[in-house]
Every structure is written in C-alpha cells, then in structure tokens.
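Please find below a short note for a colleague who is new to this structure. The points are numbered and may be read alongside the sequence and the model.

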Amino acid sequence: MRTVSARSLALLLGSAPLPRPAYRGLADGIRRLVSDGRLLVGTRLPSERALTTELGLSRTTVGAALDALRDEGFVATRRGSGSVVCLPAGPSGLALSQAGLIPTDVPPDVIDLTYAALPAAAGVTAAYERALLELPRLLATAGYDPRGLPETRRAVAAWFEQRGLATSPDQVVITSGAHGGLSAVLRAQLEVGDRVLVESPTYPNAIVGVRRSAYRAVPTQLTPRGWDVDAIEVGLRQSGARAAYLIPDHQNPTGLVMETPTRHRLAGVLARADVVPVVDETFVELGLDDDAERPAPFATASRHAHTLGSAGKTWWGGLRVGWVRAPEGATESVIEARHSLDLGTAILEQLVVTDLLRQGESLLSERRREARARRDALAAALREHVPDWRFTLPSGGLNLWCELPEARGDELARVAESAGVRLARGAQFGVEGGFARWVRVPFCVAPDEADEVGRRLAAAWQLALGERPTTRDVTPLIA
C-alpha cells in the first residue's frame, strides 16, 4: 500500500497558515490534494499523532479534520491500515475514470476539444497519390503481414537512426496505431493480473488498454517539474509492477519533457527492478520551440525499452499506422502477441507513411510551425477570457493542461456543450479519478477560431460555477 509521511503531507499542504477553523482548513487542504490528483487514492495517511507533531496542531484538530473527511467520503478507516485516501460515492463529481466509451455525435455548432489531433498535414494528399502508384505491385500478395511492409520497417528504422538510436528493421513491427502497439507489447511481456506503472495524469486510453487486457494500472504522481525518480522507485517496490508505461516527450496531457539525466537515472531504476519500459513517443516530433533541448530517445538509456510510435499525431490520425521498436531478440514475442489482435496494418497506409518518413524534416518543419501558431493563439485566448485558469505553455505536444481556480472540472465538462464546446473530464486522466481542478484543452483549432473557443470556455466556466456537484458522467472518447 502507498503511504505518505507526515513531512511529505506537510510539504504538499504548503507553509501558509490554515484558514480558520483549523480543522476545516486542514480537511479542505487534504481534499484539494485528492481532487488535484496529488494525493492518490489508496494512499495511507500518517497517524494522528504524527500529523499533530508535524503540523503543530492539537490532536483534537487533526481528529476533527479526519472525521470531516470520513463524513465526506475522502478518507476511509480500515482495520490494520489506518486512514486511507478514497473517493466519495456520493454527489462529489469525483467519479472514477471511464475513458474510452464510444461518444455521441458532436452537434455541428459544438467545438470538439476531446481530440488532441490536427487536421492532415501538408503533403499527405501527395503521399497518398504516390502510394497509389506503388500499390499495384502488392495487390498480387495476400496483403496480410503482422510484421509490416519491409520498406516501412526500413523507413522507421532509419528514422530512429537519424535520432541517434541504432535500429535494425528486424526490430520494428508495424501496428495499427500506437494503441495497437501498446496492447501487443503488454500481451508479449505480461501475465494476466500483472501490474503496470503509469504516470498520473496520463493518456486515458492507455489506462483503459491496461485494464481491458486484464492488467492492473498503478499510478505514480507527476510533479510540476516532471518525474520523481525516487517516488517511482518506491512505487515499484511497493507495487511489484512488471512494466512501466511512460510518455517522456511532450507528455499527454501535461506537455512535460523528461530531461536526459532523468532518463538515464530512471532507466537504471527500471532495470534494477526488472521492469519493462514501454515508451510512448507519439508526440516526439511535435517539439515546437526551436531553442528547446531535444533529448535522445529513452531507449538510448535502456536497452530493454519497447518504444511506441505513430503517424497519427504527427501527420494525420486517419492513417492509423503505428510501430513498435523492440529490443533485440524481443520482436518475435511482439509479433505473436500482435497476431491475436489483428492480422496486419493496411497496405496503402503503410506506403503513405513510408513516403512521409522519407521526406522527413521538409514536412515536419511546416507541421511544427502550424502547431506552434495554434498553441500561441489558444494560449492568448485563454489568458484573455479565462485569466484565472493557470497553465504552463508547453514546449511541444498538442495540449494545454489547465488548473482551474476551483474543483469544478466535472461540472465544467458536463455543462460545456451547452456553451458550444465539448471537453474531457480531468478525472479521465487519472487511474483512480481525481483531477477535479484540471482540464485538458488541446490547441488543435485554427488560430482564427481560438478567440471563439476562449469565449465559449469562459461561458462554460460561468455555468459550471453555478452547477451543483454531480456524479453523472459525460465521458467522451479521448485521443
């Protein structure tokens, strides 16, 4: 079971004096940490005596705060385990994540912000035209190939080589998107019931993919600065996780980038714990700031890493082509596992991706310029229309991870559509819910639409502030 020390909890609460009455201030502070996802569900709290000593409060005050949290459903007392963080079953709006459900159609007057994906990049149409010229030579074959076309695997291997990671085409498996690659790798490496360490917050469909493959997702909390390697090491030791799903490049949804020293240190921790790194690089080519450091692939620090890539975020989601770069000697197990999911990736789309990879930087520079313009326009719109929302401008990716001034994220997602915009719930990005003070806003709308998005979000926020908390889920599919 996860634990938090009295000292660590005091640091999370901050040094500002507690509002009066003190018991209420302490209860509100702990509840806010749970809502923000900074205090994870299932964490054992310090004893009343330890909190009394660390916080300088009376035993009566601490006891009253814990009693209030129990009444609200944020703390449960279990025999032999003490006080444990949980989420209320009542009308709190903090229901567990149910990401991945099929969405209803989006009305034509509603702007959909549940997808972090751009329209097709310049050059995709021409790549399809050239691919059609190549297609006839393959029509005489059966069309099934769980490895992927040889030329596509060579293009992916060359792309890794250009980034400083020696890769043989034999290490590459072409999949139906990165999500298909994730499922294949997990099935190849794990047994039913095994635990998978995942970042919190993280990509919701990865959580669903882990659970629906009969594995257990174990969260590790991201800090505002990124990955806490010490906490990850403790989490691995406590959970017995056998794999770790990581997004080190423009993390979804936070936009964080793992620094090179952290990559090497974390790779060492995972190796000593005999944990397989499953590294999602779907946003890696969307570094938007020219002066930002571009770290080497995580697999340069970890020879055991399985790396997932995709054409979806970089060029167009409709391509549905991804890949796995497996460690030497591990490819066959991925192919065997992938064969239980599907029989191969569409041939025409593989030819298109091969063409796009070969063009490389000539297309990517324009794609980054487009994404940067969209990011800057939407950031400016949010600063004007919802100035009390806080976010750090990411150096890449496609998302703004916004902290709300109040824990009304569920209400915001529920009422947003009536203001003309569709949003994902913050709880969908947590393994065990939470994140009621957060909302992901993808910067995928055209720059000339950004101001209108800002206006609609402001209107939705005003509606949310007037809403009563609810457990009703409005749960769109998230990409």
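1. The model is predicted. In helix α5, which spans residues 124–134, the buried residues are Val124, Ala127, Tyr128 and Ala131. Viewed down the axis of α5, these buried residues fall within an arc of 100 degrees, so they line one face of the helix. An α-helix has 3.6 residues a turn, and therefore residues three or four places apart point the same way.

2. The face of α5 turned away from the buried side carries Thr125, Glu129 and Leu133, which are exposed. The cover over the buried residues of α5 includes α12 (347–359).

3. Helix α8, residues 204–212, is mostly covered, with 7 of its 9 residues buried. These are Pro204, Asn205, Ala206, Ile207, Val208, Gly209 and Val210. Among the elements that cover them are helix α7 (177–189) and the strands β5 (195–200), β6 (216–221) and β7 (243–246). Just after α8, Ala214 adopts a positive phi of about 70 degrees.

4. Ala305 lies in the loop between β8 (276–280) and β9 (306–310).

5. Which residues does Ala305 contact, leaving aside its neighbours within four places in sequence? They are Pro277, Val279, Phe298, Ala299, Arg325 and Pro327. Val279 is 26 residues from Ala305 along the chain, yet the C-alpha atoms of the two are separated by 6.8 Å.

How values were computed:
Residues numbered from 1 in each chain as written. Predicted model: local features only at pLDDT ≥ 70, side-chain atom pairs only at ≥ 80, totals over all residues. Heavy atoms only, no water. Buried < 20%, exposed > 50% of the residue type's maximum accessible area, 1.4 Å probe, protein only. Helix = DSSP H or I, 4+ residues; strand = E, 2+ residues; numbered from the N terminus. Contact = heavy atoms within 4.5 Å. Arc of directions from axis to C-beta.
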